[in-house]
Amino acid sequence: MTLLCRTAANLYWAGRHLERAEALARVVREHTALMVDLPTRVPLGWDALLAIPGTPGVTTIGNDERAVMQRLLADLTNPSSLAATLGHARENLRTTRPVLPRGTWRIVNELTGAVRDGIDSGVRRSGRDAFCERIIASCQRLDGFLAGGMSRDETWNFYRLGVAVERTDMVTRVLDVRAGALVGGGDDLGRDGLYRDAQWMSLLRSLDALQMYRRTTGAMIEPRRVLRFVLHDGRFPRSLRFGLDRIDRLTADLPPAPPVRAATDGARATLEAATTEPETAEALSAFADRLQTDLIVLDGALDTAYFTGAEVVDPEGGDLVDSGP
Amino acid sequence: MPDRRGALEGYDAGAFHDELVAPDGTARPPARAVIDAIGALTLDELRARQRAAEADIAASGITFSLSGEDGGNIDRAWPFDVIPRVFGSEEWQVVEAGLAQRLTTLNRFIHDLHHERSAVRDGVVPAELVDTSPGWLPACRGMEPAHGVWAHICGSDLVRDADGTLYVLEDNLRVPSGVSYMLENRIVTKRVFAELFERQSIRPVDDYPDALLATLRSLSGSDDPFVVVLTPGVYNAAYFEHSFLAMQIGVELVEGRDLFVRNDRLYLRTVSGSRQVDVVYRRVGDDYLDPEVFVPDSALGVPGIVRAWRAGNVAIANAPGTGVADDKAVYSYVPDLVRYYLGEEPILRNVPTWRCDRPDDLAHVLDNIADLVVKPANEAGGKDLLIGPHATAAEHEDYRRRLRASPRTWVAQPMLSLSVAPTLTPEGVEPRHLDLRPFTLQGATTRVTAGGLTRVALRRGSLIVNSSQGGGSKDTWIVEGTA
């Protein structure tokens with residue numbers, strides 16, 4: 001089997017963009033639900049969401065719900081908006097159609113239609129929940145279609161690797177943004193605050209993890225356990241450990257590339273070193289930043305090893321030659 | 001008894017040759033089942049079928065691209081008319097033989113030009129016509145492509161005149177497009193008009209991808225050649241088709257940047273290292289194929305690919321240099337070339353063509369420009385066309401000036417009265433003008449598609465069938481066992 005470097009890059013990024021869009025929709029849905037519950041004196045704003053996908057121009061928007069949602073969901077001039085992210089995914093998949101199951105493009109078009117038809121109601125609070133549900137469902141339908149129809153070869157591995165890297169990255173981003181509120185002290189959200197549990201539950205819900213947390217731990221909502229679950233549970237697919245294990249297995253199956261393996265090991269070491277209960281918001285935030293940096297290193301290693309395509313050939317011509325990065 | 005019931009009520013083709021309906025208003029025999037089925041529907045029911053087809057096209061993402069005003073590309077849904085165009089199989093057998101004869105001749109001609117040039121020596125074709133053709137690439141002289149075939153994929157444009165005669169209007173030998181739409185049109189028709197297929201035997205078209213792959217594989221000496229499709233990229237107007245064909249034949253769709261040449265061999269950049277390529281089905285024009293040989297700043301091609309081809313290490317379809325025979329001035333010599341190379345009479349007719357490089361022809365064209373169609377000798381896609389009878393006196397004068405300035409670049413043809421077929425329009429079912437683009441494959445063997453892509457001018461009275469200029473398309477049927 002032959003897999004073009006450019007195609008591999010597009011599959012990887014298709015996986016990242018689709019997962020990012022789905023995760024963003026879930027976070028927006030849960031953030032909206034939480035904001036509805038919280039009294040206005042609680043210092044958690046709409047603008048906190050803008051930091052999750054790294055939205056430029058955050059400071060100019062303020063805490064206006066409508067403006068934040070416009071920028072985060074609909075604004076095509078914002079490369080991290082939900083609409084733009086799904087636009088990127090579409091372009092990635094457009095150039096990889098020949099290696100994907102027939103019918104993929106029909107589902108991509110459905111997804112594009114879901115954004116186009118629903119984006120305006122998604123900006124308004126009244127239609128947001130239904131919009132987010134539809135985006136999540138459409139992304140999952142596409143992911144499920146690919147999972148059911150793709151051979152488990154390198155093509156699949158690169159797509160799946162994109163999903164795994166993005167899923168891990170998004171967990172660190174959610175933790176980073178929420179760190180101050182989650183482990184800070186002194187106010188209603190803090191360690192002893194009235195709404196402490198509400199926002200830890202919201203964290204779990206934004207990963208669709210609440211039920212699995214309860215089943216696995218049999219425990220009440222307790223910050224230390226929630227954090228341990230999100231960081232270290234080896235069986236839950238949106239935990240950091242699960243994501244990094246998957247990245248490890250997927251990169252092991254790719255053509256050998258030591259820098260990619262080293263980057264994977266680096267990210268795993270960062271997770272191992274993390275305590276289950278960072279004592280301060282700064283500690284949690286610093287951990288999230290370190291892991292994000294590790295994933296950026298992995299991205300760069302993948303790019304050099306697989307996406308650029310070194311010109312190494314056998315002088316006699318003919319057979320496949322390992323570029324041996 | 002005229003078959004003008006239901007959606008066909010009031011249908012009148014006027015003075016034109018109608019592909020489906022005879023002058024007395026009855027269905028032509030091969031079109032009997034189609035006319036019955038359309039007549040059995042009300043106009044609203046027929047419109048519902050059309051909407052179903054359009055919804056299917058949108059859902060499947062069947063698109064073509066237009067250049068937008070801002071320089072970007074706009075994807076449009078592929079325009080499709082739900083009423084098929086029908087040929088009887090006996091007529092089609094003649095067309096098939098004629099197209100095969102024509103492509104065989106053109107390949108003999110191209111090979112000859114790059115070797116002995118006997119057709120020039122024997123006075124069949126003037127030397128200056130060849131040497132001044134923009135498609136003539138001296139760099140390709142002396143090449144020996146497999147089977148002596150240079151043009152492996154040809155898309156011919158056929159039109160039918162008022163008296164029912166089919167003419168070849170053009171031979172597109174460079175990077176002819178449209179075959180994906182032929183295949184998609186059939187899929188759509190089967191979905192929305194399935195009952196039509198029960199009552200008659202219609203030749204399938206979906207054997208084209210296998211025939212294309214077999215043709216491409218036959219160009220390499222290797223037992224298991226590695227084949228790729230080379231596209232200029234996602235911004236090319238025909239990208240949909242490039243992607244579609246690569247998918248259908250199960251090969252890699254690649255861009256110039258995915259390939260490189262080392263030691264006169266062509267390689268693909270893959271995640272497992274570099275892989276040598278044996279056959280390239282290129283959808284990049286000659287000019288952009290190799291910056292070492294042609295346009296130096298082209299980023300679409302592959303530096304050195306022509307060297308690799310000349311060294312015999314990679315086959316290219318269509319071969320570089322093929323464009324010399326895709327020239328409307330050369331076109332006018334094709335009947336002579338058939339006689340010269342094959343010693344046969346041409347099966348398909350050429351449209352009479354005046355070549356403005358000949359003083360007598362130029363004089364005739366200047367005098368009669370108001371009755372003629374004037375075309376650039378070397379352009380595709382209906383660009384820069386003057387339709388004399390539809391143009392103003394000022395436009396006639398402008399073209400006279402352009403013809404005198406560079407006679408070699410122009411040809412002229414009589415205005416044909418293009419045939420029509422019933423087409424669903426906002427005004428109801430009306431006659432619309434159409435042409436046909438069948439595709440011929442030549443490698444170790446020769447194959448002609450069963451039908452082709454019918455293009456239809458959707459505006460009343462218009463003769464312009466190009467999808468970029470308001471044209472649509474129809475599924476095209478070869479119906480077995482009818483006269």
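**Chatting through chain B**

A: Let's begin at strand 18 of chain B: Val420(B), Pro422(B) and Leu424(B) point one way from the strand, Ala421(B), Thr423(B) and Thr425(B) point the other way, and all are buried. Buried here means under 20% relative accessible area, with exposed over 50% and partly exposed in between (1.4 Å probe, protein chains only). Strands are DSSP runs (E, at least two residues) and helices are runs too (H or I, at least four), numbered from the N terminus.

Q: Before we go on, what kind of model is this?

A: This is a predicted model: local features need pLDDT of at least 70, side-chain atom pairs count only at pLDDT 80 or more, and totals for chains, interfaces and linings use all residues. Residues are numbered from 1 along each chain as its sequence is written, chains are lettered from A and ligands numbered from 1 in the order in which they are written, and side-chain values use heavy atoms, leaving out hydrogens and water.

Q: Thanks! Why is strand 18 of chain B described as largely enclosed?

A: Because 6 of the 6 residues in this strand (420-425) are buried, the rest of the structure largely encloses it.

Q: Which strand does strand 18 of chain B pair with?

A: Strand 19 of chain B (residues 428-437), in the antiparallel sense and over 6 bridges. Two strands pair if DSSP finds at least two bridges between them. Strands 18 and 19 of chain B form a hairpin with 2 residues between them, and Ala421(B) has Arg432(B) in strand 19 as its bridge partner.

Q: Switching topic, what is the order of the open sheet of 3 strands?

A: The order is 8-9-10 in chain B, with antiparallel pairing. Strand 8 (259-262) and strand 10 (273-276) of chain B are the edges, each pairing on one side only.

Q: And what joins strand 9 to strand 10 in chain B?

A: Strand 9 (residues 265-270) is joined to strand 10 by 4 bridges, and the two run antiparallel. Thr270(B) has Gly273(B) in strand 10 as its bridge partner.

Q: Zooming out, how many helices and strands does chain B have?

A: Chain B has 14 helices and 23 strands. Its C-alpha trace spans about 70 × 60 × 50 Å along the principal axes.

Q: How much of chain B is buried?

A: Of its 483 residues, 61% count as buried.

Q: And the contacts?

A: Among contacts in chain B with a separation of 6 or more, 69% come from residues 24 or more positions apart. Contact means heavy atoms within 4.5 Å.
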